[in-house]
Amino acid sequence: HRFNIILKSRQLGISTLTAAYAVWLAIFYKDKNVLVIATKLSVAMNFIKKVKVALKNLPNWLVLPEVTSNNKQSVEFSNGSTIKAIPTSDDAGRSEALSLLIVDEAAFVRNFDTIWTGIYPTISTGGRVIILSTPNGAGGQYYKLYTGAEAGLNEFNPIRLPWDVHPERGEDWFKKTTNNMSKRQIAQEYLCDFATSGETFLDSNTIKIG
């Protein structure tokens with residue numbers, strides 16, 4: 001799918017998998033421009049670390065393009081491809097011609113609606129998109145895109161990945177992990193539940209009917 005939007009639990013390795021896909025695209029195809037938009041600079045730099053780990057662990061027999069530039073926010077290759085990660089800003093990616101756009105933790109990206117409006121023309125001529133996030137309440141651009149995808153109202157392929165898709169996680173793991181978390185925190189981090197994950201959620205212990 002050209003457009004993918006992922007609603008995910010925490011710690012499933014999806015960001016790492018996405019970094020590996022970005023590496024594959026950049027090293028096997030010429031002149032690919034991959035842009036990652038993250039919630040803040042440290043998250044953007046962490047994504048590039050994952051890119052570098054993937055590059056370092058490729059097999060020795062694989063003939064790779066030379067790395068011509070290597071810093072904390074980008075990696076450039078001799079075949080003209082680039083992987084760059086930046087923190088969110090209102091004009092993020094607006095002047096780019098993108099082959100692949102990745103938006104990490106999109107539900108928490110400030111002004112994502114403004115960013116999406118400005119950046120969509122840069123991928124409308126053939127670029128691909130991967131938007132991934134845990135939920136952050138029923139509202140905002142990420143929520144609109146994901147629910148629209150499930151309803152068939154846009155071009156996105158919706159992928160829902162709750163905690164139990166991990167093959168090594170069972171009920172005992174879930175109970176132990178969430179024992180000290182609130183219902184809202186559990187909904188946000190592990191259940192892929194928009195409604196309960198919002199800041200305005202009130203559980204039955206909070207609301208008392210007189």
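Predicted model: local features only at pLDDT ≥ 70, side-chain atom pairs only at ≥ 80, totals over all residues.
A residue is called buried when its relative accessible area is under 20%, exposed when that area is over 50%, and partly exposed in between.

Strands of a sheet pair through backbone hydrogen bonds, either parallel or antiparallel. Here, eight strands form an open sheet with mixed pairing, in the order S3-S4-S5-S2-S6-S7-S1-S8. Strand S3 (67-70) and strand S8 (157-161) are the edge strands, each of which pairs on one side only. On average, neighbouring strands of the sheet are turned by 15° against each other, when direction is ignored.

Within that order, S2 stands between S5 and S6. Strand S5 (residues 82-87) runs parallel to S2 and is joined to it by six bridges. Along this pairing, Asn33 stands opposite Thr82 in S5, and Ile37 has Ile86 of S5 as its bridge partner. Towards strand S6 (residues 100-104), S2 is joined by four bridges, and these two strands also run parallel. On this side, the bridge partner of Val34 is Leu100 in S6.

The side chains of S2 may be considered next. Asn33, Leu35 and Ile37 point one way from the strand, Val34, Val36 and Ala38 point the other way, and all are buried. Because six of the six residues of S2 are buried, the strand is largely enclosed by the rest of the structure.

Asp31 has a positive phi of about 55°, although it is not a glycine. With a relative accessible area of 57%, Asp31 is exposed. A positive phi of about 55° is also found at Cys192, again a residue that is not a glycine. Cys192 belongs to the loop between helix H6 (183-191) and helix H7 (194-197). In its case the relative accessible area is 5%, and Cys192 is buried.

An α-helix has 3.6 residues a turn, so residues three or four places apart point the same way. In H3 the buried residues are Phe112, Ile115, Trp116, Gly118, Ile119, Thr122 and Ile123. The elements that cover them include strand S1 (3-8), S2, S6, strand S7 (128-133) and H4.

Two packed helices are described by the angle between their axes and the distance between the axes. For helix H3 (residues 112-123) and helix H4 (residues 140-150), the angle is about 65° and the axes are 7 Å apart. H3 contributes Phe112, Asp113 and Trp116 to the contact, while H4 contributes Gln141, Tyr142 and Leu145. Sorted by class, the contact has four nonpolar residues, one polar residue and one charged residue. H4 also lies across S1, S7 and S8, and runs at about 105° to S1.

Charged pairs provide further links. Side chains of opposite charge can pair when their charged atoms come close. The model contains two salt bridges. One is formed by Lys8 and Glu105, whose closest N and O atoms are 3.7 Å apart. Lys8 lies in strand S1 and Glu105 in the loop between S6 and H3, and the pair links distant parts of the chain, 97 residues apart. Lys8 is buried, with a relative accessible area of 6%, and Glu105 also counts as buried, at 17% relative accessibility.

A salt bridge also joins the side chains of Glu189 and Arg10, with an N to O distance of 2.7 Å. Because Glu189 lies in helix H6 and Arg10 in the loop between S1 and H1, this pair ties together parts that are 179 residues apart in sequence.

How values were computed:
Residues numbered from 1 in each chain as written. Heavy atoms only, no water. Axes fitted to C-alpha atoms, helices over the stretch in contact; angles between N-to-C directions. Contact = heavy atoms within 4.5 Å. Nonpolar A, V, L, I, M, F, W, Y, C, P; charged D, E, K, R; others polar. Buried < 20%, exposed > 50% of the residue type's maximum accessible area, 1.4 Å probe, protein only. Pairing = 2+ DSSP bridges. Salt bridge = Lys/Arg side-chain N within 4 Å of Asp/Glu carboxyl O.
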